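Colleague: I am new to this structure. Can we go through it in questions and answers?

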Amino acid sequence: MDIGHIAGLFGAGNIISSAKLKSGHINRSFLLDCSGGRYILQSLNRDIFKNPEIIAENTELILKAFSEKPDCGVQIPVFLEHNGSMYLEENGEIWRMYSYIEPTGEYSAYMHGFAVGRFLKVLNSGNIKLKVPMKLHEFDLPLPMRNIHGDTKADNVIFGEPPAVIDLDTASRGCAFVDFGDMLRSVTFDVFDMQKISAAVSGFAEGVGGLLTDDEINHLYDGTLLIINELMERYSGGNKNFPNKSPEQCLERQRQLANQIGDFRAHEDEISAIIRTIFGKGSK
């Protein structure tokens, strides 16, 4: 694999330095310093993303939505193109390349929630309708189907002015609680802290504005449990779902997620009250 050749196809210029990133669980990612700037080069996992053309169509729609709201308070990456496409196939791999966004601020639970909420707000304020690139979050609840990000962990938010939401390949149709729940799961990954939960919910509520219905708001807590449980089940499949992790690491991740579910259940009344108070709703 010659990443210099691939970067050249995207018009990034010559590579000055490169580093493989370890934060992603699914795709292979490289941070490149090129003569044309700093970029992220990613190879999509073909076992997980079997329809790259759908991802490309969704990305185009997301870019369109954000171009219409340039002052929304959240940014997304700028993608490079090869022959008019944001994706190219080389040696059986699907590649994409986008601008590197430098973090300029520290992690903030409030800004994490805000970025996720505002991303939802922007994507659902117009007439676009994303396609489903893969079956991931499937829940049988009578709630509105919306355009969602699908993977709102902290690694996918760059903290700065403004914050940025990245890794758009999981964007799809689904329930809003998917993005809320995965965000709250990520906020409580290291330490279960009620102040951080309250800050994240406040940020999310500001970001999402008046988009959500009462039913959606009333299911935010339940949705968080569903999302954590779903991720725990995916880890039960071992590293076939997470090729960058060992079987032992997958078992440890299952244990951590089981502990998170226990924490959320033990604080159900408090968390539900926080959600109701911040969104200004009555009892569930």
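Colleague: How many salt bridges does the count come to?

Modeller: This is a predicted model, and side-chain atom pairs count only at pLDDT 80 or more. A pair qualifies when a side-chain nitrogen of Lys or Arg lies within 4 Å of a carboxyl oxygen of Asp or Glu. By this rule the count comes to 11.

Colleague: How far apart are N and O in the salt bridge of Asp 33 and Arg 38?

Modeller: The side chains of Asp 33 and Arg 38 meet in this bridge. Asp 33 is partly exposed, with a relative accessible area of 22%. Arg 38 counts as partly exposed too, at 32%. From N to O, the bridge spans 2.7 Å.

Colleague: How many residues apart are Glu 216 and Arg 146?

Modeller: Glu 216 forms a salt bridge with Arg 146, and their closest N and O atoms are 2.8 Å apart. Glu 216 sits in helix H6 (residues 214-218), while Arg 146 sits in strand S6 (residues 146-148). The pair links distant parts of the chain, 70 residues apart.

Colleague: Are Glu 216 and Arg 146 buried or exposed?

Modeller: Buried means under 20% relative accessible area, exposed over 50%. Both Glu 216 and Arg 146 fall in one class: buried.

Colleague: Which residues join Asp 33 in one network of salt bridges?

Modeller: The network comes from salt bridges that share partners. Asp 33 and Arg 38 form one of the bridges. The residues joined with Asp 33 are Arg 38 and Glu 102.

Colleague: Why is helix H4 largely enclosed by the rest of the structure?

Modeller: H4 covers residues 176-187 and reaches 17 Å from its first C-alpha to its last, close to the 16 Å expected. Its buried residues include Phe 177, Asp 179, Phe 180 and Arg 185. H4 is largely enclosed because its buried residues number 12 of the 12.

Colleague: Which strand gives the most to the lining of the second largest pocket?

Modeller: This pocket has a volume of about 220 Å³. Of its 15 lining residues, the closest to the centre are Val 132, His 137, Glu 138, Ser 172 and Arg 173. The lining divides into eight nonpolar, four polar and three charged residues. The most, three residues, comes from strand S9 (residues 172-174).

Terms used. Residues numbered from 1 in each chain as written. Heavy atoms only, no water. 1 Å grid on protein atoms, 1.4 Å probe; cavity = no way out; pocket = protein on both sides within 12 Å on 5 of 7 lines; lining within 4 Å. Points joined across faces, edges and corners; volume = space filled by probe spheres on them. Helix = DSSP H or I, 4+ residues; strand = E, 2+ residues; numbered from the N terminus. Nonpolar A, V, L, I, M, F, W, Y, C, P; charged D, E, K, R; others polar. Expected span 1.5 Å × (residues − 1). Buried < 20%, exposed > 50% of the residue type's maximum accessible area, 1.4 Å probe, protein only.
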